[in-house]
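Visitor: Hi, I'm new to this. Can you walk me through a protein chain?
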Amino acid sequence: MFNIMQEMNQSADHMPMEGTGEGSEAAKTDPTYERIRHLAAGNAVVVFTVSGCCMCHVVKQLLFGLGVGPTVVELDRHKAGGKIHDALHQLAGDEGRQAVPAVFVAGKFLGGVENVMACHINGTLVPLLKDAGALWL
């Protein structure tokens, strides 16, 4: 998992978030990154999705099945969805990686479906969710 502020700072072609101390003043106050940061920091689990995306559905169903009530942001139904999608694509990094689903736990970027499923299979997802306060098992 990566802290969203640290991850944005490490990307070579990112637009820095407010308070990072780098880039132009306009980039520091980019409302798209601020919106993502605010949502991720203010909720135990946030899932950015696109309606009709099968992998987004898989991640949501896994979390719901574990008893988590994530904050779900359907980008195709959000007025700033296109900009958020572009920012998540930069955050995802590697070529070929999909921007959605994008899962944040306790304000940190966990990743997409591959990372979420890997954490579930290796037994680290439930402890992460407990630590975030999303599960009370």
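Guide: We'll start with the whole chain, then look at a few places in it. This is a predicted model, where local features need pLDDT of at least 70, side-chain atom pairs count only at pLDDT 80 or more, and totals for chains, interfaces and linings use all residues. Residues are numbered from 1 along each chain as its sequence is written, and side-chain values use heavy atoms, with hydrogens and water left out.

Visitor: What is the secondary structure of the protein chain?
Guide: The chain has seven helices and five strands. Helices (H or I, at least four residues) and strands (E, at least two) are DSSP runs, numbered from the N terminus. Along the sequence, the pattern reads β-α-α-α-β-α-β-α-β-β-α-α.

Visitor: And how many of the 137 residues are buried, as a percentage?
Guide: Buried residues are 42% of the 137. Buried means under 20% relative accessible area, exposed over 50%, and partly exposed in between (1.4 Å probe, protein chains only).

Visitor: What about the surface of the chain?
Guide: The accessible surface is about 7200 Å², and 52% of that belongs to carbon and sulfur atoms. Such areas come from the Shrake-Rupley method with a 1.4 Å probe; for residues, only the protein chains shown count as cover.

Visitor: Let's zoom in. Where is Thr49?
Guide: Thr49 sits in strand E2, residues 45-49.

Visitor: Buried or exposed?
Guide: Thr49 is buried, because its relative accessible area is 0%.

Visitor: Which residues is Thr49 in contact with?
Guide: Setting aside neighbours within four places in sequence, Thr49 is in contact with Cys56, Lys60, Val72, Val73, Glu74, Leu75 and Val100. Contact means heavy atoms within 4.5 Å.

Visitor: New topic: helices. How do H3 and H5 cross?
Guide: The axes of H3 (residues 31-42) and H5 (residues 81-92) come within 9 Å and cross at roughly 75°. That makes H3 roughly perpendicular to H5. Axes are lines fitted to C-alpha atoms, for helices over the stretch in contact, and angles run from 0 to 180 degrees between N-to-C directions. Under 35 degrees counts as roughly parallel, over 145 as roughly antiparallel, 65 to 115 as roughly perpendicular, and the rest as oblique.

Visitor: Which residues meet there?
Guide: From H3, Thr32, Tyr33, Arg35 and Ile36. They meet Lys83, Ile84, Ala87, Leu88 and Gln90 of H5.

Visitor: Which peptide bond is cis?
Guide: The bond joining Val100 and Pro101 is cis, with omega about 0°. Pro101 lies in the loop between H5 and strand E4 (102-105).

Visitor: Last one: what about Ala106?
Guide: Ala106 has a positive phi of about 55°, although it is not a glycine. Ala106 lies in the loop between E4 and strand E5 (108-111). Its relative accessible area is 45%, so Ala106 is partly exposed.
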